[in-house]
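Work through the exercises below with the model open. Each task is followed by a stepwise solution.

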Amino acid sequence: MWKLARFAAASNIARSRRFSAAIPGPCIVHKRGADILHDPWFNKDTGFPLTERDRLGLRGLLPPRVISFEQQYDRFMNSFRSLENNTQGQSDKVVSLAKWRILNRLHDRNETLYYRVLIDNIKEFAPIIYTPTVGLVCQNYSGLFRRPRGMYFSAKDKGEMMSMIYNWPAHEVDMIVLTDGSRILGLGDLGVQGIGIPIGKLDVYVAAAGINPQRILPVMLDVGTNNQKLLEDRLYLGLRQPRLEGEEYLSIVDEFMEAVHARWPKAIVQFEDFQMKWAFETLERYQKRFCMFNDDIQGTAGVALAGLLGTVRAQGRPLTDFVNQKIVVVGAGSAGLGVLKMAIKAVAKISGCSDLAAKSLFYLIDKDGLVTTDRNNLDPAAAPFAKNPRELEGLTEGSSIIEVVKKIKPHVLLGLSGVGGIFNDEVLKAMRESVSTKPAIFAMSNPTMNAECTAIDAFKHAGENIVFASGSPFENVDLGNGKVGHVNQANNMYLFPGIGLGTLLSGSHLITDGMLQAAAECLASYMAEEDISNGVLYPSVDSIRDVTAEVGAAVLRAAVEEELAEGHGDVGPRELSHMSKDETVEYVRSNMWYPVYSPLVHEK
Ligand SMILES: NC(=O)C1=CN([C@@H]2O[C@H](COP(=O)(O)OP(=O)(O)OC[C@H]3O[C@@H](n4cnc5c(N)ncnc54)[C@H](O)[C@@H]3O)[C@@H](O)[C@H]2O)C=CC1
Ligand SMILES: CC(=O)C(=O)O
Ligand SMILES: [Mg+2]
């Protein structure tokens with residue numbers, strides 16, 4: 001399974017189809033006139049052809065000239081570029097929010113054009129609709145709020161959810177991203193303002209996986225907030241009460257999950273940015289009952305694992321050498337522990353060693369330092385990864401990052417702590433003594449200001465031969481003499497879209513460890529040897545649709561193998577099981593929605 005095969009990089013369909021002449025199928029619309037102009041799904045702005053204006057009662061509601069999609073696209077991009085020029089010299093925050101606003105306005109007005117510009121410019125726009133700017137948007141949500149997007153279920157809705165779910169206007173929903181706002185990126189409890197995260201994640205689903213935007217649903221479960229500043233903010237839009245705890249909390253999530261399942265039994269629910277205790281508890285509670293996964297625990301684990309395997313290859317070593325690596329993980333939360341769980345299984349599988357032997361490679365550090373069995377009140381979730389201090393020469397319970405790095409000289413230093421800058425100059429300099437020929441530094445926390453270190457500092461202090469990855473994007477680093485330090489983006493966006501799409505097309509009712517492992521293996525084998533040896537561990541965000549097609553196919557095939565695939569639409573389980581690997585990739589790719597103006601046909 002863990003053999004590496006370079007998948008033929010398929011051509012970038014999004015680019016080649018940009019303004020393709022193929023005539024799209026008609027789209028039935030049940031409204032007319034101004035109602036269509038105010039519906040972002042159907043609205044074409046000035047792009048409605050004259051015949052359509054007649055058919056739909058739009059004559060006179062628009063200026064007479066018809067503007068082509070290409071012209072509308074260029075007009076938007078020109079406005080975006082002018083905004084960039086006009087905001088030069090202003091603070092990053094002001095510029096980022098201005099960019100988010102202009103994209104959001106388009107999203108609110110004309111979804112087809114919005115998703116087209118997003119797909120075509122994903123590398124440039126992902127940092128605006130996703131991390132890091134989405135973090136800023138969540139922090140400023142009350143002020144930025146103009147119109148609602150998605151659904152809000154609050155503690156006050158207890159007993160009502162089963163009927164409320166029918167308030168959502170779309171008949172079908174494939175993909176739901178759900179948060180309770182309790183751990184938004186590395187920004188902590190942002191209460192109802194965390195809705196920006198499901199919205200951003202689902203935009204990535206549309207751009208990367210071609211999930212039809214009419215069939216997505218961002219959801220906020222507002223059970224209160226423990227963020228005192230928000231509770232005191234007069235303009236805060238969520239419930240002004242402390243978070244529900246214990247059974248009261250779980251009963252709200254249970255009710256929501258039952259309601260979703262009742263209306264859309266096949267919808268996939270992605271849990272996102274829940275604080276650790278609820279992230280693990282809800283995963284445990286629902287994974288065998290509903291089609292769901294936790295992106296921070298499971299999606300992140302696969303992306304990190306692909307990176308760890310990449311670092312073994314970057315050293316010119318075979319994957320079986322994974323078992324000889326020393327890896328320090330800083331952050332024992334949902335993300336860090338998810339990574340450890342999956343990575344330990346992978347080491348054991350690749351090298352044939354026991355889980356215990358595999359565990360010995362990893363050193364776990366949290367806010368109280370090195371996690372050992374000597375710790376009082378050792379968190380049960382972290383306990384399986386705690387070191388026995390008797391086996392650690394020179395290190396003790398609570399040893400600091402710098403002490404651990406100096407002593408262990410790890411191959412990899414991986415941060416999922418949410419604490420900006422904790423890989424300080426001293427820690428990074430200590431990585432120069434790493435036993436690896438190509439030490440790896442993964443500063444995976446988001447958004448940018450919460451990254452454990454910057455890319456520039458990593459290359460400056462740890463040396464030019466490192467492999468570097470961050471959760472939010474950084475520019476590549478100019479090392480002088482024409483050399484460039486490559487910055488990888490190690491973000492779960494490389495996996496969750498494929499996990500969702502592959503599961504959807506398989507028709508599986510569950511998302512199993514096997515399906516998630518297939519996703520991780522696929523990403524791990526995506527990059528060619530030559531790229532890896534140059535420190536390029538992950539593909540460019542530009543090719544995210546290609547990556548997602550491969551990952552989706554891997555997930556689908558795993559579901560077939562586990563006999564969970566029930567098929568989707570006209571394609572049943574037998575047809576799925578007869579597809580070759582390449583045919584599966586093509587099948588997944590051909591099911592990606594692509595934004596074009598469809599002729600609208602009115603039906604009462
Ligand atoms: N790149 C990616 O794809 C992903 C990145 N993340 C990021 O990872 C971070 C953590 O997420 P979760 O694990 O869900 O959070 P969490 O709150 O569950 O865990 C944070 C962990 O960091 C530890 N920590 C806090 N201060 C520390 C310090 N000074 N030194 C060492 N450890 C410290 C805490 O003890 C805790 O174990 C967030 O910033 C999040 O944005 C999360 C998921 C995916
Ligand atoms: C990327 C992501 O899921 C996070 O930072 O929480
Ligand atoms: Mg997350």
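**Exercise 1.** How are α4 and α6 oriented to each other?

*Basis.* This is a predicted model, in which local features need pLDDT of at least 70, side-chain atom pairs count only at pLDDT 80 or more, and totals for chains, interfaces and linings use all residues. Residues are numbered from 1 along each chain as its sequence is written, and chains are lettered from A and ligands numbered from 1 in the order in which they are written.

*Step 1.* Locate helix α4 at residues 69-86 and helix α6 at residues 111-120. Helices are DSSP runs (H or I, at least four residues), as are strands (E, at least two), numbered from the N terminus.

*Step 2.* Take the axes. They come within 11 Å and cross at roughly 65 degrees. Axes are lines fitted to C-alpha atoms, for helices over the stretch in contact; angles run from 0 to 180 degrees between N-to-C directions.

*Step 3.* Classify. α4 and α6 are therefore roughly perpendicular. Angles under 35 degrees count as roughly parallel, over 145 as roughly antiparallel, 65 to 115 as roughly perpendicular and the rest as oblique.

*Step 4.* List the contact (C-beta atoms, placed from the backbone, within 7 Å). Gln-72, Tyr-73, Phe-76 and Met-77 of α4 meet Leu-113, Arg-116 and Val-117 of α6. By class, that gives five nonpolar, one polar and one charged residues. Ala, Val, Leu, Ile, Met, Phe, Trp, Tyr, Cys and Pro count as nonpolar; Asp, Glu, Lys and Arg as charged; the others, Gly among them, as polar.

**Exercise 2.** Classify the angle between α21 and α24.

*Step 1.* Helix α21 spans residues 496-506, and helix α24 spans residues 544-561. Their axes come within 7 Å and cross at roughly 45 degrees.

*Step 2.* The pair is therefore oblique.

*Step 3.* Sort the contact residues: eleven are nonpolar, six polar and none charged.

**Exercise 3.** Why does ligand 1 lie between domain 1 and domain 2?

*Step 1.* Count the shell (C-beta atom, placed from the backbone, within 6 Å). Ligand 1 has 30 residues around it, with Gly-186, Gly-333, Asp-366, Gly-418 and Gly-471 the closest.

*Step 2.* Split by class: twelve nonpolar, 14 polar and four charged.

*Step 3.* Assign domains (bounds from an automatic or database domain assignment). Domain 1 (129-290) and domain 2 (298-493) both give residues to the shell, so ligand 1 lies between them.

**Exercise 4.** Which residues are around ligand 2?

*Step 1.* The shell holds Thr-131, Leu-185, Asp-273, Asp-295, Asp-296, Asn-446, Gly-471, Asn-491 and Asn-492.

*Step 2.* One is nonpolar, five are polar and three charged.

*Step 3.* Domain 1 and domain 2 each supply at least three residues.

Technical notes. Contact = placed C-beta atoms within 7 Å.
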